[in-house]
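The following note sets out several points for a colleague who is examining this model. Please read them alongside the sequence and the coordinates.

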Amino acid sequence: MDRSSKNRLTGHMLPHFPDDSLFCRIARAVCRAGCLPRKELYEAWEMARRVHRRFRGGRVVDLAAGHGLLAQVLLILDRDLREGIGVDLRIPQSAARLAMEIRAEWPGAADRFSLLERDLNLVQLHPDDIVVSAHACGSLTDLVLEKAAAARCRVAVLPCCHDLRACDDGGVSGWLDGPLSIDVTRAAWLRSRGYRVYTQTIPPDITPKNRLLMGEPL
């Protein structure tokens, strides 16, 4: 199966996720909702697993959330998360279908989750939050990092669409390719704000934009 496919998962794909593993159960819920590309399922799962290994408890805030799958997967993985919110300037109408399918399987997680249609600049963050964002385009990733650092909360981003004109490359683009220099500069910026930084990747067959940057205040 091509895990990088942008084709929507639908009921026709249910036989591809036959077992009772947590991933297959989540995948079947996404298939029944019929609103997300296959790629987004795998991105959310791989990122959530890595974030969950590093950070536990508090509140998860998914910025530039789209359908909010990432936050919902984290709520399923971590019962110590007291709340999860997905925030986007425009919430897709189909997000309600996904939330309904998640609720059918994990009502406890669904009860702790909400979607907010709001400008990211207006979101209030707290020190015990885990701020996550998967593929917030270009400088939007920098906004997520800045908001998290200002609130002194844990953060995890999977950057994409690196804007070589708008994003800071740290002056090292002569040594590294442009997108990598931007992400290295982001990691250094977090360290300069008093953060312990963790760098990982998700499998490249899902997306070539697979660098995961995580940080927590010292």
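Which residue forms a salt bridge with Asp205? The points below begin with that pair; the model is a predicted one.

1. Asp205 forms its salt bridge with Arg3, and the closest N and O atoms are 2.8 Å apart. Asp205 lies in the loop between β6 and β7, whereas Arg3 belongs to the segment before α1, so the pair ties together parts that are 202 residues apart in sequence. Asp205 is partly exposed, with a relative accessible area of 41%. Arg3 also counts as partly exposed, at 22% relative accessibility.

2. The structure holds 16 salt bridges. Lys39 counts as buried at 17% relative accessibility, and Glu43 counts as buried at 5%.

3. A further salt bridge joins the side chains of Asp183 and Arg186, at 2.9 Å from N to O. Both residues lie in helix α7, three residues apart, which is about one turn of the helix. Asp183 is buried, with a relative accessible area of 10%, and Arg186 is buried, with 3%. Elsewhere, salt bridges that share partners join Arg3, Glu46, Arg49, Arg50 and Asp205 into one network.

4. Arg186 is also touched by Asp142, which contacts Cys167 as well, not counting residues up to four places away in sequence. Asp142 is located in helix α6, residues 140-151. With a relative accessible area of 18%, Asp142 is buried.

5. Turning to the helix pair, α1 (residues 22-33) and α2 (residues 38-54) pack at an angle of about 145 degrees, with their axes 11 Å apart. Their crossing is right-handed. The contact is made by Leu22, Phe23, Ile26, Ala27 and Val30 of α1, together with Leu41, Tyr42 and Trp45 of α2. By class, this contact has eight nonpolar residues and no polar or charged ones.

6. The seven strands of an open sheet follow the order β3-β2-β1-β4-β5-β7-β6, with mixed pairing. The edges are taken by β3 (113-117) and β6, each with a single partner strand, so one side of each is left without a neighbour in the sheet. Neighbouring strands of this sheet are turned by 15 degrees against each other on average, direction ignored.

7. Is strand β7 largely enclosed or largely open? Five of the seven residues of β7 (residues 211-217) are buried, so the strand is largely enclosed by the rest of the structure. Strand β5 (residues 154-160) pairs with β7 in the antiparallel sense over three bridges, and Ala156 stands opposite Met214 in β7. Strand β6 (residues 195-201) also pairs with β7 in the antiparallel sense, over seven bridges. In β7, Pro217 is opposite Tyr195, while Gly215 is opposite Val197. Helix α7 (residues 178-192) packs on the sheet and touches β5, β6 and β7, its direction making about 10 degrees with that of β7.

Definitions and conventions: Residues are numbered from 1 along each chain as its sequence is written. This is a predicted model: local features need pLDDT of at least 70, side-chain atom pairs count only at pLDDT 80 or more; totals for chains, interfaces and linings use all residues. Side-chain values use heavy atoms; hydrogens and water are left out. Axes are lines fitted to C-alpha atoms, for helices over the stretch in contact, and angles run from 0 to 180 degrees between N-to-C directions. Helices (H or I, at least four residues) and strands (E, at least two) are DSSP runs, numbered from the N terminus. A crossing is left-handed if the near helix is turned anticlockwise from the far one by less than a right angle, and right-handed if clockwise. Contact means heavy atoms within 4.5 Å. Ala, Val, Leu, Ile, Met, Phe, Trp, Tyr, Cys and Pro count as nonpolar, Asp, Glu, Lys and Arg as charged, and the others, Gly among them, as polar. Buried means under 20% relative accessible area, exposed over 50%, partly exposed in between (1.4 Å probe, protein chains only). Two strands pair if DSSP finds at least two bridges between them. A salt bridge is a side-chain nitrogen of Lys or Arg within 4 Å of a carboxyl oxygen of Asp or Glu.
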